[in-house]
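Visitor: Can you walk me through this one? I'm new to reading structures.

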Amino acid sequence: MPSSTAPSTTEPKQPVVIECSIEKTLDVIGGKWAFLVLRELFCGTRRFGELQRSITSVSPRALTSTLRHMEEKGALTRTVYPTVPVTVEYTLTPKGEDLHQIVKEMKLWAAKWT
């Protein structure tokens with residue numbers, strides 16, 4: 001009997017037909033703060049406080065919301081260490097790392113046209 005498993009959000013799939021699915025990408029990275037979070041995490045693992053200091057205009061609530069959304073979409077992982085106080089680190093998954101080229105191209109476009 002074949003087992004049924006839900007598709008993984010962190011494993012790439014090979015599309016048979018490439019849909020116009022820009023909306024799906026924007027659902028992962030389209031939030032106001034997502035690009036800045038990605039920018040920071042492209043440099044490596046960061047703790048919440050480090051992200052908040054690096055993205056000076058983001059509120060703790062907005063940063064928490066952005067990080068949760070990106071974690072739900074499989075773009076980053078959240079690791080909690082049982083220290084006092086609790087240490088929480090965020091790291092990009094392969095899915096999140098794969099966004100680097102897209103963000104780089106957008107940055108080049110902005111430099112050229114804005």
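Guide: Here is a short tour of the sheet, a helix contact and a pocket.

Guide: This is a predicted model, where local features need pLDDT of at least 70, side-chain atom pairs count only at pLDDT 80 or more, and totals for chains, interfaces and linings use all residues. Residues are numbered from 1 along each chain as its sequence is written, and side-chain values use heavy atoms, with hydrogens and water left out.

Visitor: Okay, the sheet. What's the strand order?

Guide: The order is E1-E3-E2, in an open sheet of three strands with antiparallel pairing. Strands (E, at least two residues) and helices (H or I, at least four) are DSSP runs, numbered from the N terminus. Two strands pair if DSSP finds at least two bridges between them.

Visitor: Which strands stand at the edges?

Guide: Strand E1 (46-47) and strand E2 (76-81) do. Each has a single partner strand, so one side of each has no neighbour in the sheet.

Visitor: How many bridges join E2 to E3?

Guide: Six, and the two strands run antiparallel. Leucine 76 stands opposite leucine 92 in E3. Arginine 78 has tyrosine 90 of E3 as its bridge partner.

Visitor: And E1 with E3?

Guide: E1 pairs with E3 (residues 87-92) over two bridges, in the antiparallel sense. Arginine 46 stands opposite tyrosine 90 in E3.

Visitor: What's between E2 and E3?

Guide: Five residues, and the two strands form a hairpin. Proline 85 is in that loop. A cis peptide bond joins valine 84 to proline 85, with omega about -5°. Most peptide bonds are trans.

Visitor: Switching to helices. Where does H2 lie?

Guide: H2 lies across E1, E2 and E3, at about 90° to E3. Axes are lines fitted to C-alpha atoms, for helices over the stretch in contact, and angles run from 0 to 180 degrees between N-to-C directions.

Visitor: How do H2 and H4 cross?

Guide: At roughly 75°, and the axes of H2 and helix H4 (residues 60-72) come within 10 Å. The two helices are therefore roughly perpendicular (65 to 115 degrees).

Visitor: Which residues make the contact?

Guide: Ala34, Val37 and Leu38 of H2 meet Leu63, Thr66, Leu67 and Met70 of H4. Contact means heavy atoms within 4.5 Å. Six of these residues are nonpolar, one is polar and none is charged. Ala, Val, Leu, Ile, Met, Phe, Trp, Tyr, Cys and Pro count as nonpolar, Asp, Glu, Lys and Arg as charged, and the others, Gly among them, as polar.

Visitor: Last topic. What lines the second largest pocket?

Guide: Phe35, Leu36, Arg39, Phe42, His100, Val103, Lys104 and Lys107. H2 (34-41) and helix H6 (100-113) are the elements that give two or more residues to this lining. H6 gives the largest share, four residues. By class, the lining has four nonpolar, one polar and three charged residues.

Visitor: What counts as a pocket?

Guide: On a 1 Å grid over the protein atoms alone, points where a 1.4 Å probe fits are grouped, and a pocket is an open set with protein on both sides within 12 Å along at least five of seven lines. Lining residues have an atom within 4 Å of a point.

Technical notes
Parallel < 35°, antiparallel > 145°, perpendicular 65-115°, else oblique.
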